[in-house]
Protein chains: 2
Amino acid sequence: MPAALELHELLDGNDVPGIQAWLADNPPHVIADEVARADDVRSVLLFRLLDKESAHEVFEELDRVDQHKILDALRDQTFRDIVEEMDPDDRARLLGEAPANFTARVLAGLSPHERFLTAQLLGYEQDSVGRYMTPEMVLLKEHSTVGEALARVREAGAHAETIYTLPVADSSRRLTGIVSLRDLVLAEPGEPLAGLVDTEVVRAHATDEVEAAARLMQDTNLLDLPVVDSEDRVVGLLTIDDALEVIEEADTEDIARQYGQSPVEGHYMSVRVVTLARSRIVWLFLLIVAATMTAKVLQVFEGELEQATQLAVFIPLLVGTGGNVGAQAATGAVRALAVGELRPGDVLRLGWREARVGFLLGLGLAIVGSVLATVMTDREIALTVALSIIAICAWAAVVGSAMPLLAKQVGIDPAVISAPLVTTLVDATGLVIYFLIARVVLGL
Amino acid sequence: MPAALELHELLDGNDVPGIQAWLADNPPHVIADEVARADDVRSVLLFRLLDKESAHEVFEELDRVDQHKILDALRDQTFRDIVEEMDPDDRARLLGEAPANFTARVLAGLSPHERFLTAQLLGYEQDSVGRYMTPEMVLLKEHSTVGEALARVREAGAHAETIYTLPVADSSRRLTGIVSLRDLVLAEPGEPLAGLVDTEVVRAHATDEVEAAARLMQDTNLLDLPVVDSEDRVVGLLTIDDALEVIEEADTEDIARQYGQSPVEGHYMSVRVVTLARSRIVWLFLLIVAATMTAKVLQVFEGELEQATQLAVFIPLLVGTGGNVGAQAATGAVRALAVGELRPGDVLRLGWREARVGFLLGLGLAIVGSVLATVMTDREIALTVALSIIAICAWAAVVGSAMPLLAKQVGIDPAVISAPLVTTLVDATGLVIYFLIARVVLGL
């Protein structure tokens, strides 16, 4: 991207008119990416050079940590303008993770209406649908005509975050269904609204977990999901753009977790080195402690190792192969759980499937392993290696696929069953299998 | 989910009225999930018991392989009804991967209009925007009023896949911008349309890669992305539900690839064991061949191993730790590339960052490693292990993070730089580091 390089040079040269020209030429999401990549001083500089309207658009595209960074550096009037313009749900999420004095400063700067909406959303748990929904919608009455409903949309639509999905409620605000703006526009004004209402609509509770609601929207192809309280009264809409953001974040988190990393907020290139190291070290500590099992196992079999040093030559190959097979099975299971294709109760059926998959894989890989071992050593070691590969692969596939499901059954996030964890467990047990087979075949 | 268990029992008991009652009680996406999980005979049975409207809704929710399976088992009239009802873009994607005689059967059954639309989309490459866009939209003329535009929407809207985004074109069908139905409904009928048109809209070319277009929609929060041909003429719209599907598939593929697995189509529980094994074996073969490097390295250092068998005890721990650090760095980089936070040109900056991250991690892990080694063996081996951990961690972090970016620079999908590949490469080089340090410290 030559444009990006140019901006870098403009910033290095403190070329303010040049930077302004660059900002005018680029769409908000590109500018937001540059703001997020830059260091603190430069990102604030870039942001201040934006005109008011662009500033709002760029701000909307930023991650919460970057929004926070920008707001911290702004003076009162600009600060107030920006937070007043935010959607209530975005604002609630920004405040949910901020220190108390920052929250107080934001709430104090808001108009009474916006403050009310924000405070309401802040009452819901983090990661609940309530934090992500918009309360700004157009609610229609059951007993009206298409023309009356359209008039209501025209009257109240300007303040709503979306008007494409219109929840319909009875006199006590209970959800009876939804109408799409599409059907409303295509219908005759005199028709009763009731004929257009989709009453079999799925809904989320404001206290539900937001990831589940977002995946439900993906499954059902809804643009907006109506959100209700415990008495089925309409309290908001979860819009597709927020659902998309939730899904992207959840997937990024799952991927990070599967490699034993806690998720890091903020742009990948502006996160500090120490923060990155901290996000990875906990798991690595656990894994290296778990890996001491492999050292213990090898110490137990040190007698065998001294008699046949050549056995050591194939250790990394065997534990590597077992780890790979286990990691493949675990990743497949975690992903299938996340998108809803697997259920915890499938554990026996899945384990049996994977045992057969692992056995087939082991047969194939044993050929490579035994050829290599025959060339490098002798036939007896080759036989040991081949039999070990088959047994280790079948075992690794079963362990790898079953662990995420068992985790889910006892209420642990299956993504925490990271590939490295599976690998480490399979490593130690794989070594035991290897040396037991070696004892029999080599007669040690 | 007790409902699912019940269905299972109903199917086992061949209880047709019970199954019908279950089908009537459940929403299309739940039924689709059960159809996808079931074996061939049962999935077709379930599908045949649906009424016509539900059948269409359930069919829409199925994956392409499952759609194919169902269609293959249907008689002509039902077959024709189903394919005629599909959206042209869904139909084109179904046919794109089907055998020629199946395609011919589908095209022959269609009405001329639908056949024309489908054939047009089939002209685009698989994985291009053209295959995923809908040609069924409402195109507005630049020089009209809001009232005229709304009348046009009412007239043509029933056949369009969406009317929320309305592309606006000049007299030669060139895209001048888009109008949202929201703005149209909220405006006064007498206003000129020109005032509502967003002319700075992003667009995709029909030949662009669809994943990039879908990620662009995610970045810009667009509901629908206008699609143009090489002369900037409007040819369709990419809708958010298709974009979401593309992103979910791409993420699933990336995750599969990162563990050295080719992506498998279809429901996780109904894919055959042999198919699963095949999807994993290619990478495992490559990896086990690459892992022979570790055996070669150990053979080179067999003299050292015989002098100090205790060195072998820490091999799995060292290669495991190096592999984990490398995999973490690689996954982070691949994900940041996928969501657009990293660019190939960042390789040096990223490498230097990761070298420091790896060094910090190594310092922390060396403590665990040296304590363990001191307890199990002696101080000299403990020193060897500690120094090796530090060097291997820094090296692994650099290799793991740089490889995906280098892959992207030479045009290889970075997701192919799977964690196992990084691990395997780091394993062999890590062993060399270990034994070189051992030579110096132990004076071998």
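This is a predicted model: local features need pLDDT of at least 70, side-chain atom pairs count only at pLDDT 80 or more; totals for chains, interfaces and linings use all residues.
1. Extent of the interface. Chain B puts 109 residues in contact with 109 residues of chain A. About 10400 Å² is buried between the two chains. Carbon and sulfur atoms give 63% of that area.

2. One salt bridge joins the side chains of A:Arg343 and B:Asp33, at 3.1 Å from N to O.

3. The chain B side. Here α16(B) gives the largest share of the side that touches chain A, with 18 residues. By class, this side of chain B has 60 nonpolar, 25 polar and 24 charged residues.

4. Largest cavity. The structure holds 4 cavities of 30 Å³ or more. The largest has a volume of about 430 Å³. Its lining counts 37 residues, and the closest to the centre are A:Gly323, A:Asn324, A:Thr423, B:Asn324 and B:Thr423. Helices α16 (273-300), α19 (315-338) and α22 (419-442) of chain A each supply at least two lining residues, as do α16 (273-300), α19 (315-338) and α22 (419-442) of chain B. The lining has 21 nonpolar, 14 polar and 2 charged residues.

5. Second largest cavity. Its volume is about 50 Å³. The lining is made by Gln218, Leu244, Ile247, Glu248 and Asp251 of chain A, and by B:Gln218, B:Leu244, B:Ile247, B:Glu248 and B:Asp251. Two or more of these residues come from α15 (240-258) of chain A, and likewise from α15 (240-258) of chain B. By class, 4 are nonpolar, 2 polar and 4 charged.

How values were computed. Residues are numbered from 1 along each chain as its sequence is written. Chains are lettered from A and ligands numbered from 1 in the order in which they are written. Side-chain values use heavy atoms; hydrogens and water are left out. On a 1 Å grid over the protein atoms alone, a cavity is a set of points where a 1.4 Å probe fits but cannot get out, and a pocket is an open set with protein on both sides within 12 Å along at least five of seven lines; lining residues have an atom within 4 Å of a point. Grid points are joined across faces, edges and corners, and a volume is the space filled by probe spheres set on the points. Helices (H or I, at least four residues) and strands (E, at least two) are DSSP runs, numbered from the N terminus. Ala, Val, Leu, Ile, Met, Phe, Trp, Tyr, Cys and Pro count as nonpolar, Asp, Glu, Lys and Arg as charged, and the others, Gly among them, as polar. Contact means heavy atoms within 4.5 Å. Buried area is the accessible area (1.4 Å probe) that two parts lose on being put together, summed over both. A salt bridge is a side-chain nitrogen of Lys or Arg within 4 Å of a carboxyl oxygen of Asp or Glu.
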